[in-house]
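Hi there,

Here is the structure I promised to pass on. Have a look at it first, and my notes follow below.

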Amino acid sequence: MVLTFLVATAIGSSAWAHTIVVVRPDASDAMLTEAFSRLCGELHMYGLIVNLADRENGASSPDKQLAEIGRSADVVGGVALLRTAGQASAKIWITEAATGRESVRITVSINDADAPSLLAIRAVDLLRASLRDVDHPENAQPPRPPGAAPDVPSTMQAAPAATVQGFDRWAIRGGAITLWETGDLGVGFAANVGLARRISPRLALELSVVAPVIGQAYAGTAATARLREELGIVSVAWRLVARQRLTLDIVQGFGAVYLSVRGEAQSPWLGQSSSAWAAASSTGGCVGLRLSEHVGVGVSLAAVFLLPRPVLEVGDVSYVAHQPLILATGGFRYGF
């Protein structure tokens, strides 16, 4: 099922993909080189085809070079990174065919310590906003009558800050989980909270805490053992699919689990309590849906392995917990 989904999304993305020309910056400028790398990664993430071009020696205008490169029918826009007045800048160009209006040229300049990432983020945001009518023809504006003023100025300086969907640096998450042991322990329920940090367009780290998992028990002939778990997991999420609102991540996590058991027994047995630590590994996937600029919902499913495997001593019976445990999570996410 997962393979079929991935193939279908890959076919879908190739059907509406657009080509963006990106001019390589001066290799001696470390800031522009980093921004170039981030820009290409973010364009790829949104399904845009990147056509790299070397900057012509002595070229006086990147707009002219982009226009010449973009005469191909499949090219809808371009970006050139350069330094103007000591600031890192991105010159963005959209073809007339892409917008149905006159060519759009936008300049974005950043002068703070976060220039590489912010410059790439804002450039992609403006490109996608300008190309929205291409992906959704029903939203396209009718052509202007001859002599009418253009809808978009030919040049805009210092574009305002914007957040690209899916590129919030930090995110907090909260929700509910179910933990299913496929043997006799059954299903446990708990709440969970998480803090995530996006490292790149494809990679993110998240710290998740689940506590306490209650509701699991093993019943013997003369005694019952009630289990309780608390988990802490650090996960690495790799983004496979990203759309305007939908995302799909593959997640691998490592952490620890604290298990405690409380025994309830009938005479002549005596109930006892015990606890232990174990290492935990979780492997699974997460589907997210963005509801607004900062708020989204997500559901995930993972297989959890514990080492060593928990063993419950209930009367004269030793019960070995079945693995993997099935961890299902659902909740809300707020990015900032």
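**What I found**

Asp-316 lies in the loop between β14 and β15 (317-320), where helices (H or I, at least four residues) and strands (E, at least two) are DSSP runs numbered from the N terminus. At 68% relative accessibility Asp-316 counts as exposed; the cut-offs are under 20% relative accessible area for buried, over 50% for exposed and partly exposed in between, with a 1.4 Å probe and protein chains only. The C-alpha atoms of Asp-316 and Ala-223 are separated by 9.8 Å, although these residues are 93 apart along the chain.

Before you read on, please keep in mind that this is a predicted model, in which local features need pLDDT of at least 70 and side-chain atom pairs count only at pLDDT 80 or more, while totals for chains, interfaces and linings use all residues. Residues are numbered from 1 along each chain as its sequence is written, and side-chain values use heavy atoms, with hydrogens and water left out.

**The chain overall**

The protein chain has six helices and 16 strands. Of its 336 residues, 39% are buried. Contact here means heavy atoms within 4.5 Å; among contacts between residues at least 6 apart in sequence, 60% join residues at least 24 apart. The chain exposes about 17500 Å², and carbon and sulfur atoms supply 61% of that area. Accessible areas come from the Shrake-Rupley method with a 1.4 Å probe, and for residues only the protein chains shown count as cover.

**The barrel**

Which strands close into a barrel? Eight of them do, in the order β7-β8-β9-β10-β11-β12-β13-β16, with antiparallel pairing. On average, neighbouring strands of this sheet are turned by 25 degrees against each other, direction ignored. For that angle, axes are lines fitted to C-alpha atoms (for helices over the stretch in contact), and angles run from 0 to 180 degrees between N-to-C directions. Two strands pair if DSSP finds at least two bridges between them.

Strand β7 (residues 170-181) pairs with strand β8 (residues 186-198) over 12 bridges in the antiparallel sense. The two form a hairpin with four residues between them, and Arg-173 stands opposite Gly-194 in β8. Strand β7 is also joined by 10 bridges to strand β16 (residues 325-335), again antiparallel; here Ile-177 stands opposite Thr-329.

The loop between β11 and β12 holds Pro-268, and the peptide bond from Ser-267 to Pro-268 is cis, with omega near 15 degrees. Another cis peptide bond joins Leu-307 and Pro-308, with omega about 0 degrees; Pro-308 is in the loop between β13 and β14 (311-314).

**Salt bridges**

How many salt bridges are there? The count comes to eight, taking a salt bridge as a side-chain nitrogen of Lys or Arg within 4 Å of a carboxyl oxygen of Asp or Glu.

Arg-239 and Asp-249 form one, with their closest N and O atoms 2.9 Å apart. Arg-239 lies in strand β10 and Asp-249 in strand β11, so the pair ties together parts that are 10 residues apart in sequence. Are these two residues buried or exposed? Arg-239 is buried at 8% relative accessibility, and Asp-249 is buried at 8% as well. Elsewhere, salt bridges that share partners join Arg-226, Arg-262 and Glu-264 into one network.

Glu-264 is partly exposed at 33% relative accessibility, and Arg-226 is partly exposed at 38%.

Thr-224, in strand β10 (residues 223-242), is buried with a relative accessible area of 19%. Leaving aside neighbours within four places in sequence, its contacts include Arg-262, Glu-264 and Val-314.
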